[in-house]
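Colleague: I would like to learn how to read a fold from its parts. Can we go through one together?

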Amino acid sequence: MTGNIDDLAALIRDAEGGRERFLEKFAAFCEQALPRQSTVTRKTRGWLKRTVDIEELALRFETRVFVLRRNGTGVVAEIAHEVRGVVISRKQVPVRDWITELRQKIYEAGLAVSGEGHAAAELTDFQP
């Protein structure tokens, strides 16, 4: 994935439509753009033909954890406030709001300025 804004906008449209491949595409994007903040949980299924599905993507920024989780054929977006490994609060939000808050957290963390990656800088320029 190249990491440009058109790709990201297409991913958001996919998520809002509940498409199956959204989580895989966005997780790959985040692993490239934000490798230190990204944690991806994968699950292997199938006996003869093994396939690996992404169950959850978590992006950690200080005390905020941005989570995308597979829920049937759709994606659930959550933002949690975590202190020392304990979740203080958790709220479920629309994917578009999740992306907006993630963009703000990237700005606050200074990742777009520090050169964490070209894709992270483009992500922060996204206007939903």
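**Rings, helices and sheet**

Modeller: Start with the aromatic cluster: ring pairs link F26, F29, F61, F66 and W98. Keep in mind that this is a predicted model.

Colleague: How many aromatic pairs are there?

Modeller: The count is four aromatic pairs.

Colleague: How do I read one such pair?

Modeller: Two values describe a pair of aromatic rings: the distance of the centres and the angle of the planes. Take F26 and W98. Their ring centres are 5.7 Å apart and their planes stand at 70°, so the pair is edge-to-face; the cut-off for that class is over 60 degrees. This pair links distant parts of the chain, with F26 in helix α2 and W98 in helix α3, 72 residues apart.

Colleague: Is F26 buried or exposed?

Modeller: F26 is buried, at 0% relative accessibility. W98 is buried too, with a relative accessible area of 0%. Then there is the pair F61 and F66, also edge-to-face, at 6.1 Å centre to centre and 80° between the planes. Both of these residues are buried.

Colleague: Now the sheet. What is the strand order?

Modeller: In general, strands of a sheet pair through backbone hydrogen bonds, either parallel or antiparallel. Here five strands form an open, antiparallel sheet in the order β1-β2-β3-β4-β5.

Colleague: Which residue of β4 is the bridge partner of F66?

Modeller: That is I79. Eight bridges join β3 (residues 64–71) to β4 (residues 74–83).

Colleague: Where do the helices sit?

Modeller: Helix α2 (residues 22–33) lies across β1, β2, β3 and β4, at about 50° to β2. Helix α3 (residues 95–109) packs on the sheet and touches β2, β3, β4 and β5.

Conventions. Residues are numbered from 1 along each chain as its sequence is written. This is a predicted model: local features need pLDDT of at least 70, side-chain atom pairs count only at pLDDT 80 or more; totals for chains, interfaces and linings use all residues. Side-chain values use heavy atoms; hydrogens and water are left out. Two strands pair if DSSP finds at least two bridges between them. Helices (H or I, at least four residues) and strands (E, at least two) are DSSP runs, numbered from the N terminus. Contact means heavy atoms within 4.5 Å. Axes are lines fitted to C-alpha atoms, for helices over the stretch in contact, and angles run from 0 to 180 degrees between N-to-C directions. Rings of Phe, Tyr and Trp (its six-membered ring) pair if their centres lie within 6.5 Å; planes under 30 degrees apart count as stacked, over 60 as edge-to-face and the rest as tilted. Buried means under 20% relative accessible area, exposed over 50%, partly exposed in between (1.4 Å probe, protein chains only).
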